[in-house]
Amino acid sequence: MSNPVSYHRDGSVLVISVDNPPVNALSHAVRAGVVEALTMVGDATAVVLSCAGRTWFAGADITEFGKPPMAPSLPDMIAALEDCPVPVVAAIHGTALGGGMETALGCDFRVFDARAKCGFPEVDLGIFPGAGGTQRTPRLTGLGPAIEMCVTGKPINAQKAAKIGLADSIATEDVLASAIEFARSVTAKRRIRDMDNPEPDEAASETWRKFALSRRRGEHAPLLAIDAVEASVSMDIDAGLDKERDLFVGLITGQQSAAMRHLFFSERMAAKVNGLDAKPKPVKSVGVVGSGTMGGGIAMAFANAGIPVTLFDVNADALSAGLERIANLYTASAAKGRMSEAERVARYARITPASGYDGFAGCDLVIEAVFERMDVKKAVFTELDAACRPDAILATNTSYLDVDEIAATVSDPSRVLGMHFFSPANVMRLLEIVRGAKTSGETLATALTVSKAIRKVGVVSGVCHGFIGNRMLKGYGREAGLLMIEGASPQDIDAALYAFGMPMGPMAMADMAGLDIGYDNRKSLVAGTDYEPLASSVQDRLVEMGRKGQKTGAGIYTYEAGSRAPVPDPDVDAMAEAIAKEHGITRREIGADEIVERCILALVNEGAMLLGEGIAQRGSDIDVVYANGYGFPRWRGGPMCYADSLGLDHVLERVRAYADGPNGKWWAPAPLLAQLASEKGRLSGWSQP
Ligand code: 3H9
């Protein structure tokens with residue numbers, strides 16, 4: 001491999017350039033090259049460190065984590081920058097992230113391109129800055145901003161970086177030329193390690209601890225990041241760096257970081273489909289049929305990404321209401337400072353209402369988001385077939401229905417596929433891309449590219465009832481429903497799964513979604529074959545009483561007017577008790593461990609089942625679906641990764657035990673689970689041969 005580091009003199013300045021595509025990760029060759037280049041200072045009066053390509057260093061090389069360390073380490077390289085006898089200036093463009101930002105802090109000065117950003121996203125990998133970021137940042141910014149950056153992981157722009165002391169200058173023209181100019185003007189080094197300790201800031205520590213405990217619940221890294229940054233107040237820099245390293249090593253060798261790194265790579269891998277070499281078609285304008293919550297959210301997702309949208313609804317009043325809802329959402333976002341006024345106006349202006357299907361005549365892609373009923377969907381696709389260009393891609397947003405049956409209604413089914421968004425579609429990152437039997441490679445490749453363009457994580461699924469996510473959820477909901485009959489209260493079930501790390505338990509979730517959705521969906525299924533009727537018996541009775549969940553003020557829980565806080569209802573416990581009696585079931589105390597085990601292993605077994613059937617391409621794709629669409633705790637890596645962490649032998653043994661139990665017919669072990677358990681394989685690492 002050619003050396004990614006080169007250097008040349010620009011007058012009195014030594015310019016070191018790094019070129020390690022795609023994101024200039026600080027791999028071993030880069031670190032070694034920079035250390036070596038720094039020995040070439042000679043009679044130079046200053047050094048400029050710069051990167052080629054699209055960005056400054058995007059961080060340590062994550063692919064090296066978990067492998068034996070190779071000197072020089074990142075801290076060694078940063079020490080070499082600090083020890084350089086002349087001032088070193090960082091010329092930052094793109095994103096200076098993680099170890100990349102720490103490298104910049106090892107330099108004496110930082111010149112930012114006006115569009116550059118910097119941040120510490122390590123927390124999303126289950127770690128925190130481990131190459132001095134927790135000690136050097138607060139010496140420049142004070143404690144609060146340093147903690148905020150480490151705990152939220154959110155990058156800040158160059159202007160904010162200048163405001164809090166991280167950027168010394170902002171270049172409006174060429175950043176390298178500006179940095180060289182800057183380097184000529186500096187006369188002395190200004191190492192952060194020689195600066196005073198920051199002042200304590202108890203209020204900031206307290207605020208961000210609270211934030212970490214609620215918004216990053218269950219994660220170790222954010223709280224330890226606060227401990228590390230706080231150490232900068234009282235410890236000298238070397239003692240602080242030692243403390244940072246000790247805590248960092250504990251995190252990077254732990255299960256949480258392994259799980260979050262697994263998701264990092266899995267999310268990028270999901271976009272790659274085995275054997276797909278077709279080129280995507282350009283998508284410059286999109287149509288959406290149906291202006292309800294889902295259709296509106298989909299329209300916003302495209303408008304937010306700069307893609308013009310035509311929105312149509314057969315019901316003119318619904319269309320006006322949908323547009324008004326979109327306008328209100330944009331106004332609320334702008335009021336909260338999430339977008340500028342100009343941006344609000346521009347995004348809304350990208351959505352054009354249409355008065356008929358002929359409004360889609362110029363669209364490259366049209367997405368149907370109407371009522372979840374096969375006859376309605378088919379009627380829409382027949383209209384689309386007549387109104388759209390023959391090469392336009394037609395997508396259905398169905399969550400359960402057979403995409404092949406829908407595709408059969410159009411003259412060329414190769415241009416049909418499912419694009420299953422998650423609500424709210426303008427916010428949720430997951431997009432299930434459902435490949436029908438006749439979907440062409442070009443259609444699939446286009447949907448994957450569109451997914452990235454609208455900043456979603458696209459995961460490809462085959463056709464089956466509920467695709468990857470909702471099909472697996474069936475087992476999870478089934479066990480929750482059965483546990484309620486067997487003796488666990490709804491609040492016990494929700495508390496156990498919340499403690500496991502889910503954002504809310506299945507009972508509260510069912511109430512939020514509306515109990516009637518499952519009820520209606522079950523009508524087209526066969527009780528006892530497709531689903532376990534006992535598991536939904538309480539919910540069925542509730543729906544028949546008009547208790548459909550939050551929207552009717554009562555479901556499994558009751559809700560005070562205007563509140564979303566679930567209030568346990570003894571009538572529901574009594575109902576579960578009565579049903580148990582009718583079925584001759586003796587109710588018993590059920591602990592949190594059993595609740596979690598049954599609900600989560602039901603997910604795992606179903607996941608292994610659909611991997612074996614070829615519905616999902618890889619185990620890691622399933623993890624991506626669950627982490628991005630269903631709130632599965634990222635620090636557990638997704639259900640497949642979690643099963644691997646338990647050990648597949650153990651998982652199989654427990655699944656077999658449930659298969660021998662009273663609801664055993666639903667627990668037949670997935671053949672792939674049995675196979676991988678015997679081969680000492682991993683579900684999260686498995687992919688279709
Ligand atoms: C760290 O720095 C620890 C230190 O504090 C302490 C150390 C002692 N390493 O995302 P993209 C690959 S931890 C290796 O699609 P984009 C990525 O897998 C690090 N590879 O591009 C993909 O590969 P492929 C802290 C990396 O334009 C390709 O680059 N830093 C790394 O949408 C393109 O990636 C971070 O967490 C890496 N660090 O977004 C930043 N980063 O093509 C992580 C990327 O084979 N990176 N790759 O699938 C990012 O957030 C985004 O990649 C970035 C570009 C915003 C930079």
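Close-up 1. Pro-22 sits in the loop that runs between β2 (13–18) and α1 (28–38). Helices here are DSSP runs of H or I with at least four residues, strands are runs of E with at least two, and both are numbered from the N terminus. The model is predicted: local features need pLDDT of at least 70, side-chain atom pairs count only at pLDDT 80 or more, and totals for chains, interfaces and linings use all residues. Residues are numbered from 1 along each chain as its sequence is written, and side-chain values use heavy atoms, with hydrogens and water left out. The peptide bond from Pro-21 to Pro-22 is cis. Its omega is near 5 degrees. Asn-24 also lies in the loop between β2 and α1. Its phi is positive, near 55 degrees, in a residue other than glycine.

Close-up 2. Ala-71 and Pro-72 are joined by a cis peptide bond. Omega is about -5 degrees. Pro-72 belongs to the loop between β3 (46–51) and α2 (74–83).

**Close-up 3. An open sheet of three strands.** The strand order is β5-β7-β8, and the pairing is mixed. β5 (95–97) and β8 (156–157) are the edge strands, each pairing on one side only. Two strands count as paired if DSSP finds at least two bridges between them. Strand β7 (residues 117–119) and β8 run antiparallel and are joined by two bridges. Cys-118 stands opposite Ile-156 in β8.

**Close-up 4. The shell around the ligand.** The ligand is surrounded by 27 residues. A residue counts if one of its heavy atoms lies within 4 Å of the molecule. The closest are Arg-54, Gly-99, Glu-102, Glu-122 and Arg-268. α3 (99–106), α10 (237–252) and α11 (255–269) each supply at least two residues of the shell. α11 gives the largest share, three residues. By class, the shell has 15 nonpolar, four polar and eight charged residues. Ala, Val, Leu, Ile, Met, Phe, Trp, Tyr, Cys and Pro count as nonpolar; Asp, Glu, Lys and Arg count as charged; the others, Gly among them, count as polar.

Close-up 5. A polar contact is a pair of N or O atoms within 3.5 Å. An N or O atom in the side chain of Arg-54 is 2.6 Å from an oxygen atom of the ligand. From Ala-60, a backbone N or O atom lies 2.9 Å from a ligand oxygen atom. In Lys-452, an N or O atom of the side chain is 3.5 Å from an oxygen atom of the ligand. Taken alone, the ligand exposes 1,000 Å², and the protein buries 75% of that. These areas come from the Shrake-Rupley method with a 1.4 Å probe.

**Close-up 6. The second largest pocket.** This pocket holds about 380 Å³ of space. Its lining has 17 residues, and those nearest the centre are Ala-258, His-262, Ser-266, Arg-682 and Ser-684. α11 and α26 (639–646) are the elements that give two or more residues to the lining. The largest share, eight residues, comes from α11. By class, the lining has six nonpolar, seven polar and four charged residues. On a 1 Å grid over the protein atoms alone, a pocket is an open set of points with protein on both sides within 12 Å along at least five of seven lines, while a cavity is a set where a 1.4 Å probe fits but cannot get out; lining residues have an atom within 4 Å of a point.

**Close-up 7. The cavity.** A search of the whole structure finds one cavity of 30 Å³ or more. The largest cavity has a volume of about 30 Å³. Volume is the space filled by probe spheres set on grid points, which are joined across faces, edges and corners. Its lining consists of Leu-473, Tyr-476, Met-502, Met-504, Met-509 and Tyr-630. By class, that makes six nonpolar, no polar and no charged residues.

Definitions and conventions: A polar contact is a pair of N or O atoms within 3.5 Å; within protein, one must be able to donate a hydrogen and the other to accept it, and residues adjacent in sequence count only if both atoms are side-chain atoms.
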